[in-house]
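Please read it alongside the sequence and the 3D view.

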Amino acid sequence: MERRNCVSVNNFSKPSFAELVRVSARIGCLSFGGPVGQIALMHRELVEERGWVSEAQYLHALNFCHLLPGPEAQQLAIWIGWKLHGIKGGLAAGLLFVIPGALVVLALSVLYGYAAHLDLSAALFLGIKAAVLAIVVQALLRVGRRALDTAFKRGIAAVAFLGLFLLNLPFPLVVAGAGAVGALAAAVRPGLLALKPSAGMQPSTPRPWAASIRAIAMGGLAWAAPLVAMIGALGPDHVLARIGLFFAKLAVVSFGGAYAVLAYMAQRAVQDFGWLSAGEMADGLGLAETTPGPLIMVTQFVGYLAAFRAPEPFTPLIAGIAGAALTTWVTFAPCFLWIFALAPWIERLEHAQRLKGALAAITAAIVGVIANLSLWFALHVIFAQSTVRHLGPWELSLPDVASFDWRAALLAVISAGLIFRLRWNVIRVLGAAAAGGLLLGLAAPASPVAAPAGAPRTELPGGVPPAAAAPDKPGAGAA
C-alpha cells in the first residue's frame with residue numbers, strides 16, 4: 001500500500017495535496033469503461049491500495065452521488081478530494097477527472113468536423129455506429145436487471161417508454177413525474193419500490209446551512225458567468241448562447257446516467273435544433289466511449305459541431321472550440337456545486353425516505369428512457385431514412401424499408417455477439433466494428449435511395465430534414 005507524503009488519520013492515510021493531485025491525474029487518464037469501470041478504478045486506487053478513505057465512507061458517498069444529477073463517478077471523485085483537502089481538494093480531483101477526456105474529445109471533434117464527409121471517415125463510422133447500437137442495448141439490459149426488481153418499477157419503466165416513444169413527451173417531464181410517483185409511493189407503500197427502512201438516528205449536529213448557502217451562491221455565479229458573458233457579447237439568439245442555455249438546463253435534469261440524458265439530448269439537438277443528424281449523434285457516442293472520463297462528455301462533441309456549422313462572426317474552428325468549451329463548463333461545473341453544497345448533509349440525506357423513493361422511481365423510468373434511445377438509434381443506424389406518422393395523439397417514426405443498410409445491420413449483429421457471447425469490452429468491440437466498417441464501407445458503398453413517387457417527405461422525427469441536421473460541408477447549415 002502506497003504511503004508516501006501521507007499522514008495517518010483515524011487509521012487511514014491522508015495524502016498531501018501534491019499526492020492527491022498526482023493520483024487524481026492518473027485516475028483521469030485511465031478512467032475508461034463508463035461509470036462502472038471508473039468507480040471500480042477509484043475504489044482500487046483510493047480504498048484498496050492507498051487507504052485514503054474507508055470502504056464504508058466510499059460506499060456511503062457513492063450512494064449519495066446517485067441522488068444527484070450528473071455523472072456520479074466525477075461527483076465521487078470531487079467528494080473524495082473534498083473529504084481529504086476541502087474545496088481545493090475537490091476542485092483538483094474533479095477537474096483532473098474531466099480534463100484528460102475533454103482534451104481528447106475536443107481533438108477528435110476537430111478532426112470529425114473537417115473529415116466526417118470523406119469516404120474513409122464515413123466507412124470508419126459505419127462500424128462505430130453499429131457497435132454503439134449494441135452497446136446501448138447492453139446498457140439497457142444491465143440497468144434493467146438492477147433497477148426493475150418489482151412489478152411497480154417495471155410498470156413505471158413501461159409508462160416512461162410509451163410516453164417517450166408514442167407521445168414524444170419531454171425527458172424532464174418524465175423524470176419529474178417518476179420522481180413524484182416514487183416519493184408518494186415511499187410515503188404510502190414503500191414495498192412497491194423495495195425500499196428498506198432507514199437505519200439509525202438522524203445526526204444531532206447542527207444543520208450546515210451557512211456552508212451550503214455560500215457554496216450555492218459562489219458556485220452558481222461561477223457556473224453562470226461564462227454563459228451570461230456570451231449572451232451579453234453575442235445576443236440570446238446566437239448559436240453559442242443557445243448551446244449554453246440548452247446544456248445548462250440539461251445539467252440539472254441529468255439523473256440516471258449518460259444513456260438516459262442522451263435520449264433527451266438527441267431529441268432536442270437532432271429534432272428541434274438541427275445541430276447534427278442521428279447518425280452523427282451515434283458517431284459522437286462512439287468517440288466518447290473510447291476516451292477516458294464520463295460518457296456524458298459526448299455533449300462536448302455536440303456543442304462543437306453546432307458552433308462549427310454556424311460560426312459567424314468567428315471562424316468555424318474558433319467557434320467550434322468555443323462551443324465545446326462552453327458546453328463542457330455548463331455540463332460539469334454543477335457537479336462541484338452539488339458536492340460542495342450538499343456533502344455536509346450526506347448523513348442526513350441517507351435518512352430521507354421520500355427522496356430514496358423518488359430516486360428509485362426515476363431509475364426505473366430511466367430504463368424506459370434507454371429503451372426508447374435503443375429503438376431510436378436502431379431506426380437511424382440500420383435504416384438511412386425514416387418517416388414520421390401522426391396517428392391522433394401518437395407520433396410514430398417508421399423506417400423506410402427500401403433504405404435498409406445491410407452493412408450496418410451485419411456489423412450490429414457481430415458487435416452484439418462480441419459483447420454478449422465473447423464478453424469483449426467496449427474498446428475492443430469499437431475497434432473491431434470500426435475495422436469491419438472500413439472493410440464493408442469501402443468495398444460495398446451504400447446506394448442512394450430514391451423516395452417513391454408520391455411518398456411523404458422523409459424527415460427526421462420532429463420535422464427536421466436530414467440536410468438541415470447534417471450539412472454537406474463543414475461550416476454550412478443553420479443553428
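This is a predicted model: local features need pLDDT of at least 70, side-chain atom pairs count only at pLDDT 80 or more; totals for chains, interfaces and linings use all residues.

Residues are numbered from 1 along each chain as its sequence is written, and side-chain values use heavy atoms, with hydrogens and water left out. The protein has 18 helices and four strands; helices (H or I, at least four residues) and strands (E, at least two) are DSSP runs, numbered from the N terminus.

**Overall make-up**

- Of the 479 residues in the protein, 52% are buried; buried means under 20% relative accessible area, exposed over 50%, and partly exposed in between (1.4 Å probe, protein chains only).
- The protein has an accessible surface of about 20,900 Å², and carbon and sulfur atoms account for 68% of this. Accessible areas come from the Shrake-Rupley method with a 1.4 Å probe, and for residues only the protein chains shown count as cover.
- Contacts (heavy atoms within 4.5 Å) between residues at least 6 apart in sequence join residues at least 24 apart in 76% of cases.

**Nonpolar core and surface patch**

- The largest nonpolar core holds 143 residues, of which Y259, W275, M281 and F377 touch the most other members. A nonpolar core is a set of buried Ala, Val, Leu, Ile, Met, Phe, Trp, Tyr and Cys residues joined through side-chain atoms within 4.5 Å.
- Apart from neighbours within four places in sequence, F377 contacts V132, L133, V136, A278, M281, A282 and L285.
- In soluble globular proteins, nonpolar side chains tend to be buried together.

**Salt bridges**

- The count of salt bridges is 11, where a salt bridge is a side-chain nitrogen of Lys or Arg within 4 Å of a carboxyl oxygen of Asp or Glu.
- D283 and K129 form one of these bridges through their side chains, at 3.3 Å from N to O. Since D283 lies in helix α11 (residues 278-289) and K129 in helix α5 (residues 119-147), the pair ties together parts that are 154 residues apart in sequence. Both D283 and K129 are buried.
- K153 pairs with D149 in a salt bridge, with the closest N and O atoms 2.9 Å apart. K153 is buried at a relative accessible area of 8%, whereas D149 is partly exposed at 45% relative accessibility.
- R268 and D272 form a salt bridge whose closest N and O atoms are 2.6 Å apart. The two are separated by about one helical turn, because R268 and D272 are four residues apart in helix α10 (residues 258-272). R268 is partly exposed at 23% relative accessibility, and D272 is partly exposed with a relative accessible area of 46%.
- A network of salt bridges links R26, R44, E45, E49 and R50.

- V23 sits in helix α1 (residues 17-30) and counts as buried because its relative accessibility is 1%.
- Leaving aside neighbours within four places in sequence, V23 contacts E45, L46, R50 and W52.
- S109, in helix α4, is buried with a relative accessible area of 1%. Beyond neighbours within four places in sequence, S109 is in contact with F301 and Y304.

**Helix α17**

- The 18 residues of helix α17 (residues 426-443) should span 26 Å at 1.5 Å a residue, which agrees with the 25 Å between its end C-alpha atoms. The expected span is 1.5 Å times one less than the number of residues.
- The buried residues in α17 are V429, L430, A433, A434, G436, G437, L440 and G441. Their cover includes α5, α11 and α16 (406-420).

**A buried loop residue**

- L193 lies in the loop between α7 (171-188) and α8 (209-234) and is buried at 1% relative accessibility.
- Excluding neighbours within four places in sequence, the contacts of L193 include K153, T150, F152 and G357.
- L193 and K356 are 163 residues apart along the chain, and their C-alpha atoms are separated by 9.4 Å.
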